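Have the sequence and the structure side by side as you read.

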Amino acid sequence: MAILTQILKDEHQTILKQFKQLELEETFSESRKIEFEILKFILKEHLKKEDIYLYPKIKTLQKDDKIAEEFSKEMQAISQTILEFFKKYQKDGDGMEFSKELGIIIGTLKKRIIHEEEVLLPKYEDTINTI
């Protein structure tokens, strides 16, 4: 397994763990603010790695395959939703609406991660193994 693949998989687990931590905190607090900032940083760094190292490599070596482009566009939409969530709840994150939106984000991320690890990362592995 390529180093990048392992790093991305490890980060997937960290991201889900951080979101789950938000779920456990029942009221908005200073620690939740810190969790938000940590999570935003982790997500931005993870997405940077995908944008710099993962998608371009697949696009370059698999010219006829649009999979990297499709995954990139899908992740941009998910990222936008998550950033809007952070903006909306950065100062106050209590209540049913917060819990509901957080649950939707966690569910969306779980599906995305499974799809990425079953489809995109193996495609990356195949791509680098043909070099």
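When we say that one part covers another, contact means heavy atoms within 4.5 Å. Keep in mind that this is a predicted model. With that in hand, let's start with helix α3: what covers its buried residues includes α1 (3-24), α2 (30-61) and α4 (95-129).

- The protein chain has a mean pLDDT of 87, and 95% of its residues reach 70 or more.
- Confidence is highest in α1, at 91, and lowest in α2, at a mean of 87.

**Helix α3**
- Helix α3 takes in residues 67-89, 23 residues in total, and its first and last C-alpha atoms are 33 Å apart, close to the 33 Å expected at 1.5 Å a residue.
- Its buried residues are Ile67, Ala68, Phe71, Ser72, Met75, Ile78, Ser79, Ile82, Phe85, Phe86 and Tyr89.

**Helix α4**
- With 35 residues, α4 reaches 49 Å from first C-alpha to last, close to the 51 Å expected at 1.5 Å a residue.
- Look for a kink of about 40° in α4, centred on Glu116.

- In soluble globular proteins, nonpolar side chains tend to be buried together.
- Here the largest nonpolar core has 33 residues, and those with the most contacts inside it are Phe19, Leu54, Ile82, Phe85, Phe86 and Leu109.
- Two or more residues of this core come from each of α1, α2, α3 and α4.
- Which residues does Phe19 touch, leaving aside those up to four places away in sequence? They are Leu39, Leu43, Ile82, Phe86, Leu102, Ile105, Ile106 and Leu109.

**Aromatic pairs**
- The count comes to seven aromatic pairs.
- One of them is Phe19 with Phe86: the ring centres are 6.2 Å apart and the planes sit at 10°, so the pair is stacked.
- Phe19 lies in helix α1 and Phe86 in helix α3, so this pair ties together parts that are 67 residues apart in sequence.
- Both Phe19 and Phe86 are buried.
- Tyr89 and Phe98 make an edge-to-face aromatic pair, at 5.0 Å centre to centre and 80° between the planes.
- Tyr89 and Phe98 are buried too.

How values were computed. Residues numbered from 1 in each chain as written. Heavy atoms only, no water. Helix = DSSP H or I, 4+ residues; strand = E, 2+ residues; numbered from the N terminus. Expected span 1.5 Å × (residues − 1). Buried < 20%, exposed > 50% of the residue type's maximum accessible area, 1.4 Å probe, protein only. Core = buried A, V, L, I, M, F, W, Y, C linked by side-chain atoms within 4.5 Å. Phe/Tyr/Trp six-rings, centres within 6.5 Å; stacked < 30°, edge-to-face > 60°. Bend = angle between axes of the 7 residues up to and from the residue. pLDDT = per-residue confidence, 0-100.
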